[in-house]
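Here are some notes to read alongside the model. Please keep the structure open as you go through them.

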Amino acid sequence: MIIQHFTDNDLYKFTTMNAIQKKFPDAEVIYRFVNRGGTAFPPGFAEAVQQEVNAMRRLALTPGEERFMRAKCYYFDPVFFDLLKGFRFNPGEVAIRQEGSRIEVEIKGLWYRTVLWEVPLMAIISELYFRMTGQKAQRTEENAAAKAREIVALQAELSEFGTRRRFSFDVQDTVVRILKQDAGRFMKGTSNVYFALKYDLIPIGTHPHEWFMYHGAHFGYRSANTLGLANWVDVYDGSLGIALTDTYTSDNFFGSFTTKYAKLFDGLRWDSGNPFAFTEKALRHYHAHRIDPRTKTIVYSDALDMEGIRKIKSFVHGHIHDVYGVGTYLTNDVGATPLNMIIKLFECKPKGCTEYIPTVKLSDVPGKHTGDPKEIALCLETLRLAR
């Protein structure tokens, strides 16, 4: 069984689950797997994934996990912990099909429930693929130790974000242990709640693209960022204050990031496009709103390696507080080629709707837009981003 702990999941799925059940408890959604890299999966792969999914019905929040989350995740109220203690994964929400070497995965159900599937399901797909194709991890400890030394030399604040595309649970376990041991104060935390518990780290995360994608489908693309930020603040009252910027492009986001939100949110997350251009936009935006950027943070998190961190850190030095969320480069740099895959929200059905509504995401990299092509075109036109 690959997923053996209820908290072997990223914090942002729990924070989003909490916000959903407070704001949109009746919303239904459909997620789908996107095989961006065109990976050919071996025979019997879908059945193996289904077995892992079925096994997850036995997972439950343990007393130790609850104590840890109550202590570290102060922004959750007691009602949410009661919800978590009673939560059980329902494998009936996940449909997995295989034709030849191609697999299809769809997750369908109430949003507050299905939101927890994405990260563990991707971790299952990744680990099973390497296991069934006979690939072995190489130089896990040596690579992790070398990266820890580089992090210290750069004095770069690091958060580990590697659950979704990890080579395996054991590799991620080893990497987090070594980073905690060797990177010292520069290892700021991990997105994985279980490993945060195991290694006494801070669980790191805020909200995902799907939060804004739902708002766009429900309320309209022009209102998505503003309402998404407003509802997040209403739930968390200023906590979890790193805002994700690129659901409908960062240019569109900055148009909604008023003085109120620029002051209230602790900072921004860069997740696509050119990091230097994004940094310059952020600095100009803060200056225009009479905010000292040095009091704010940018979390850089798109496919970073040490060279990328070095270049960004040199560029931003002294201008703004910089933190680096690094995922696959840490947890799947063991001699294999990581899977290029995502699971994204594709449709939603808000309360009162009789049919599902398509959702889209517009990355700062045009080739990474996701959703129905006609709906993407409509969104681009609505936001006057069409080229």
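Predicted model: local features only at pLDDT ≥ 70, side-chain atom pairs only at ≥ 80, totals over all residues.

1. Residues are numbered from 1 along each chain as its sequence is written, and side-chain values use heavy atoms, leaving out hydrogens and water.

2. How many cavities of 30 Å³ or more does the structure hold? There are two. A cavity here is a set of points on a 1 Å grid over the protein atoms alone where a 1.4 Å probe fits but cannot get out, and its lining residues have an atom within 4 Å of a point. The volume is the space filled by probe spheres set on the points, which are joined across faces, edges and corners.

3. The largest cavity has about 40 Å³ of space. Its lining includes R139, V175, L330 and D333. Helix α7 (residues 140-154) gives the most to this lining, with four residues; helices are DSSP runs (H or I, at least four residues), strands are E runs of at least two, and both are numbered from the N terminus.

4. The second largest cavity has about 30 Å³ of space. Look for W232, V233, G238, S239, G241, L264 and F265 around this cavity.

5. Now find α7 again, beside helix α8 (residues 169-182): their axes come within 9 Å and cross at roughly 35 degrees. Axes are lines fitted to C-alpha atoms, for helices over the stretch in contact, with angles running from 0 to 180 degrees between N-to-C directions. Among the residues that meet are A144, A148 and V152 in α7 and V175, I178 and L179 in α8, where contact means heavy atoms within 4.5 Å.

6. The count of aromatic pairs comes to 36. Rings of Phe, Tyr and Trp (its six-membered ring) pair if their centres lie within 6.5 Å; planes under 30 degrees apart are stacked, over 60 edge-to-face and the rest tilted. Why is the pair of Y221 and Y248 edge-to-face? The ring centres are 5.5 Å apart and the planes are at 65 degrees, so the pair gets that label. The two residues are 27 apart, with Y221 in the loop between α10 (209-219) and α11 (224-236) and Y248 in the loop between β6 (242-244) and α12 (250-256).

7. Finally, G371 sits in the loop between β11 (357-358) and α17 (373-382). Leaving aside neighbours within four places in sequence, G371 is in contact with F346, T359, V360 and I376.

Notes:
1 Å grid on protein atoms, 1.4 Å probe; cavity = no way out; pocket = protein on both sides within 12 Å on 5 of 7 lines; lining within 4 Å.
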